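Here's a short tour of a structure, meant to be read with the model open beside it. Take a look first, and then we'll go through some of its contacts.

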Amino acid sequence: MKYLFALLSLIVSLTAATPDGYKIETIETPEGVRFHVTGMDIDKQGNVYCATRFGDVWKLQNKRWQKFAEGLHEPCGLLVEEDGSVVVTQKPEMTRLIDSNKDGVADRYIELTSEFGFHNNYHEFNFGGVKDNEGNYVGTLNLGHEDSKAFGLSLMVTRGGYRGCAYKVSPSGEFKIIASGLRSPAGLGKNSSGDIFYTDNQGDYVGTSMLLHLRENHFYGHPASLIDKDFTAEKLKSMKDTDFDKMRTRPVVWIPHNEIAQSPGNPEWDNTAGKFGPFSNQFFIGDQSRSSLFRVSLQKIGDTYQGCVFDFMTGFQSGAMRLRFDAEGSLWVGETGRGWLSRGAKMYGLQKVSWDGTLPFEMQDVKLTKDGFKVTFTKELDQESISNFTIKSWHYDYTRNYGSPVRGIQPVSFSDVNLSEDKKVLTFKVPLSEEKVFSFDFSQLKSLVGKNLINKHAYYTLIKKL
Amino acid sequence: MIKNSIFLLGFWLLVSVNANNDESIQRGKKIYETVCFACHGKNLEGGSGFNLRDTVWVHGGTPSEILKTIKKGFPEKGMIPFETVFKENDLKDVVNFILSRQQGFKNLSYKIFQNLRADKPIEDLGLSKLKPEKSGVLKLPYLDINLPEVDWFGIQNSGILVIPESGEYLLKGILRQGSHIQMLIDGKPLKLDIQKEKWQYTFEHKVELKKGEHDFELNYVKIHKKASFHIELEKDGMTMPLSKGAFIKSQNRQIVIASTTKPVILRKRIDGLPSKTIAVAFPEKVNVAINPRNASINGLWYGEFVDIGPNVFGRGRLASLVKTPYIFSGDEGITVLENTSKAEVDYLEYSTYPQARFHFKVNDKKLSIEMTALGESLILTYRSESKQKLSLQVPEGVTLESLHGQTVNNTLIIDPKHNEKFTVKVTKKETGK
C-alpha cells in the first residue's frame with residue numbers, strides 16, 4: 001500500500017515548456033478518492049463538478065468537496081445545467097442527476113437516453129458534456145475493441161447499436177444519430193457560434209489524432225459504424241480503403257502524433273475575452289499521454305473549418321483529459337493516467353492554469369492567405385531574423401493500419417517575406433497544395449528584445465485553398 | 001513521503017538490535033504470526049498495514065527506527081503501541097524477523113543516455129562505457145525504463161538485489177520489444193530467450209540465486225516510446241516484482257463495494273449479468289440486480305456485494321466479481337407480465353430517496369418498483385397504473401409471497417384491485433430437505 005503514496009509523491013522533473021505568464025496550481029482532491037477526472041463543468045456560481053472514471057460526481061463549493069452522485073459506470077462527460085441538475089454520459093446511458101430534496105446529493109438518476117448499444121466492452125465509452133444551439137445534448141460513442149463477436153475491418157469493432165456514431169438527445173429524450181465514422185472520440189466542445197467539434201484518437205483509419213467539426217450526416221472515416229447504416233458486413237468487407245476515403249469528411253486539423261498529442265481530450269473554447277492571455281477564440285485541448293495542453297485556431301473557408309495547431313504547455317502531473325474555463329478566466333485541467341499511460345508523477349488529479357498578465361512571446365495565430373500564410377505574433381519581431389525559418393509539408397495515410405507515419409515529407413520554399421508595420425505580422429508566399437500539413441519551424445526567429453519563442457512550431461492543416 | 005530512500009539493510013548487519021541469530025528470528029516469527037499478520041499479511045506482503053518485506057520504509061528503516069515504530073504503533077490507524085503488550089526484547093526479535101525477510105532491490109540507480117538508438121546489438125553499444133546525460137537514484141526499488149525523457153534513449157539501472165532464500169528462481173519478463181535488453185547478475189550477462197507473442201515479447205529464464213545480496217544491472221535501449229516492462233522473479237509460487245510495471249500489477253486489486261448504512265446503487269460491468277444492469281446492495285447483505293431493458297429483477301445474491309477492482313483498474317477490461325453464488329442471475333428473473341405476456345418496457349429512472357426505486361413505463365402505463373431488505377428477504381413494492389391483470393414470473397431458487405396475489409405454477413398472480421400498490425417478499429428457497 002505504501003507504494004501507492006510513494007508513487008504519487010514522486011517528483012518527476014520534466015522538461016516543461018511553459019509560456020511566460022502562465023502557472024499551474026494543483027487542486028487538492030478528496031483524500032483517498034480515485035479522482036480520475038473524465039467529465040468536468042463549472043456552474044455560474046463557480047462551483048466545479050467533476051465526474052470521475054471510478055463512477056462518482058464530486059462538487060467543489062467554497063473550497064470543500066462533496067460527493068454529489070455515485071455508482072455510475074465510467075462517466076466520460078458532464079455538464080451542469082442552470083437549474084443545478086447535472087447531465088453525465090456514462091457507458092450504458094446518458095443520465096440527468098437531480099437533487100430533488102436539496103440535501104446536496106443527487107437522488108434521481110433519470111435516463112435521458114440509452115437508445116444505443118452497450119455490450120460490456122471496456123472500450124465502449126460514451127463521451128459528452130456539450131449541448132448544441134437547440135438545447136440538445138450531444139454524445140459520441142466509442143467503438144469496441146478485442147471482441148470476437150463484433151464486426152470490424154480493423155482493430156476497433158462494433159456489435160452495432162450505433163457504436164462509432166455521434167448522437168443527440170433532446171431534453172425530453174428524443175434520440176437521433178448525427179454522424180458516423182468515429183473511432184475513439186474522446187472529447188467534445190463547441191466554439192462561440194455553437195458549432196460542435198470533437199477529437200479522435202490515432203489508430204486504425206486515423207493516421208494521426210484529429211479535431212473534427214461534427215456535422216449532421218457526415219461520415220468521418222472509420223467504417224465500422226457503417227454497419228448501422230445501409231451497409232451489410234459483406235458489402236463493407238468488399239470495399240477498399242480508397243472507397244471509404246471518398247466518403248469521408250476531412251478533419252479540421254491533423255494533430256501531429258508525438259510532437260503534439262497521442263490521446264487528445266476535449267476542445268475548450270477560450271471565451272475569456274483575454275483573461276487567459278492573447279489566445280481568445282481559439283481551442284485549448286489537453287493530451288492524455290503527454291500530460292500537456294495545445295491550441296487550435298480555426299479558419300472557416302466556405303462552410304468548412306480548417307486551422308492550425310500549436311503546442312502550449314507541458315508538465316502537468318497526469319494525463320490532461322478535461323478542460324474548462326472558470327469565470328476568472330483560469331483553465332481547469334481534469335487529469336487521468338489510468339489504462340493509457342501518461343507522463344507525470346500522478347495517476348490522476350485536478351490542476352488549474354492561470355495567466356498573470358505577462359505577455360508571452362508566442363505565435364498568436366497562423367492563417368492561410370490566397371498565396372501563402374500570415375503568422376501573427378504576440379510581440380514585435382526583430383526585422384533581421386524574419387526570414388530565418390523553415391517550412392515542411394507532409395500528409396498521413398488513410399488506411400486500416402494502426403496510425404500512419406508522416407508521409408511525403410518535404411521542404412517547402414517560401415518568398416516575399418514581409419513584416420507588418422507593427423512588426424507583429426509576418427506574411428509570405430508559399431506554393432500551396434491541399435490535404436497537407438504545413439509545419440513551420442520558427443526556432444531561429446527573435447523578438448525585438450532578442451528572445452526566442454517557447455513554442456516554436458505551428459502545424460497548419462490545409463484542406464482547402466482560399 | 002519516503003523519508004528514507006536510502007535502504008539500510010547492509011547497515012543493519014552492523015547495528016542489529018538483538019543478537020541476530022536464527023533463534024531470535026524464529027521467536028520473532030511466532031509473535032509476528034500471532035498479531036501482526038492480520039494487517040501486514042502472512043508473508044509480510046501488506047494488507048491494511050504496509051508491506052514490510054520490501055526495502056521502502058515510510059517511518060524509517062534502521063533497526064532502531066523500526067523498533068520504535070512498533071513500540072509506539074499508529075493507534076489512530078488501528079496499530080496499537082506494542083510496547084504495552086510485549087517486552088522490548090520480544091519486539092527486537094520481531095524486528096530481526098522482519099529484516100530477515102527483506103527482498104528486492106536496494107540502492108537502485110539509473111543512468112540515461114539520450115539519443116542512443118538501437119542500431120547495434122546492445123552488447124556492442126557498451127552502455128557501461130558511455131557517459132550518461134543524466135543519472136540519479138530511483139525513488140522506488142523497482143527497475144524503471146519509463147522515466148520521462150526524450151523520446152528514445154538508452155538506460156541503465158543498477159543496484160543490489162536482495163534474495164530472501166537460496167534456490168532456483170524463474171526470471172519472467174513481458175516486454176514491448178524483443179531486443180536491446182540485457183541483464184547481468186553479479187556481472188554475468190543472462191542469456192535470455194525472448195519469444196514473440198501477438199502484441200508483446202516474453203521470456204522465462206531459470207537462475208540459481210544464493211540468499212543475500214547480488215549485484216544487478218539492466219541495460220536497455222528503447223525502441224518504442226511507450227514500453228510495458230514487467231519483470232519478476234518467481235519461486236515456489238511466490239512472485240517478487242522487479243520492475244515498476246510488475247509491482248503495480250502485483251498490488252492488491254480488490255475494491256469491494258459495501259453498503260453499510262443505506263442501500264448502494266451501482267452500474268458496472270458485473271460478471272454473470274447483462275450490460276446496462278443496475279445492482280443494489282442493502283446493509284442487510286441482500287444484493288439484487290435489475291435489468292432496465294425489461295424491468296426484471298435479474299439477480300439476487302447474499303453476503304459481499306461486488307468487487308469492482310477488475311473493472312476499474314487499468315483499462316477496466318474485466319468484469320466486476322460477485323464472490324458468493326447467485327440465487328438467480330441472467331437476463332431476467334422476476335419479470336412483470338401483463339395478461340400473461342411480456343410487456344413493452346421503457347425504463348425511466350431510479351431514485352435513491354427515500355428508498356431505492358426504479359421507474360418504468362410498461363405498455364405505456366407507469367410502473368415503479370421499490371426495493372428494501374428485511375432480514376434475509378427482499379421486499380419489492382410495485383406501483384402500477386395498469387388496469388390489466390398483472391403477474392410476476394417466479395425464478396428458480398426463490399419463493400415469492402404476497403398478500404395481494406396468489407402463486408400458481410411459478411407465477412404470482414396479482415389481484416388487479418391491488419395494482420396500484422402491491423408488495424412481494426422474495427425469499428431464498430431452502431435447499432435440501
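## Helix H2 meets helix H4 in chain B

Let's start with a helix pair: Ser24(B), Ile25(B), Arg27(B), Gly28(B), Lys29(B), Ile31(B) and Tyr32(B) in H2(B) touch Asp90(B), Asp93(B), Val94(B), Asn96(B), Phe97(B) and Ser100(B) in H4(B). Contact here means heavy atoms within 4.5 Å. Sorted by type, the residues of this H2(B)–H4(B) contact come out as five nonpolar, four polar and four charged. Nonpolar covers Ala, Val, Leu, Ile, Met, Phe, Trp, Tyr, Cys and Pro, charged covers Asp, Glu, Lys and Arg, and the others, Gly among them, count as polar.

This is a predicted model, where local features need pLDDT of at least 70 and side-chain atom pairs count only at pLDDT 80 or more, while totals for chains, interfaces and linings use all residues; side-chain values use heavy atoms, leaving out hydrogens and water. Residues are numbered from 1 along each chain as its sequence is written, with chains lettered from A and ligands numbered from 1 in the order in which they are written.

How do the two helices sit? The axes of H2 (residues 22–40) of chain B and H4(B) come within 7 Å and cross at roughly 95°, which makes H2(B) roughly perpendicular to H4(B). Axes are lines fitted to C-alpha atoms, for helices over the stretch in contact, with angles from 0 to 180 degrees between N-to-C directions; roughly perpendicular means 65 to 115 degrees, under 35 is roughly parallel, over 145 is roughly antiparallel, and the rest is oblique. Helices (H or I, at least four residues) and strands (E, at least two) are DSSP runs, numbered from the N terminus.

## Helix H3 meets H4 too

H3 (residues 63–72) of chain B packs on H4 (residues 88–100) of chain B at about 120°, with the axes 10 Å apart, so H3(B) and H4(B) are oblique to each other. On the H3(B) side you'll find Pro63(B), Ile66(B), Leu67(B), Ile70(B) and Lys71(B), and their H4(B) partners include Leu91(B), Val94(B) and Val95(B). The residues of this H3(B)–H4(B) contact split into nine nonpolar, no polar and three charged.

## Two loop details in chain B

The peptide bond from Tyr353(B) to Pro354(B) is cis, with omega near -5°. Pro354(B) is in the loop between strand S21 (345–351) and strand S22 (356–362) of chain B.

Lys285(B) has phi near 70°, a positive value in a residue other than glycine. Look for Lys285(B) in the loop between strand S14 (278–281) and strand S15 (286–291) of chain B.

## Where the chains meet

The contact between the chains takes 54 residues from chain B and 47 residues from chain A. Chain B and chain A bury about 4400 Å² between them, with 53% from carbon and sulfur atoms. Arg267(B), Lys276(B) and Arg315(B) supply 16% of the area that chain B buries against chain A, more than any other three residues. Buried area is the accessible area (1.4 Å probe) that two parts lose on being put together, summed over both.
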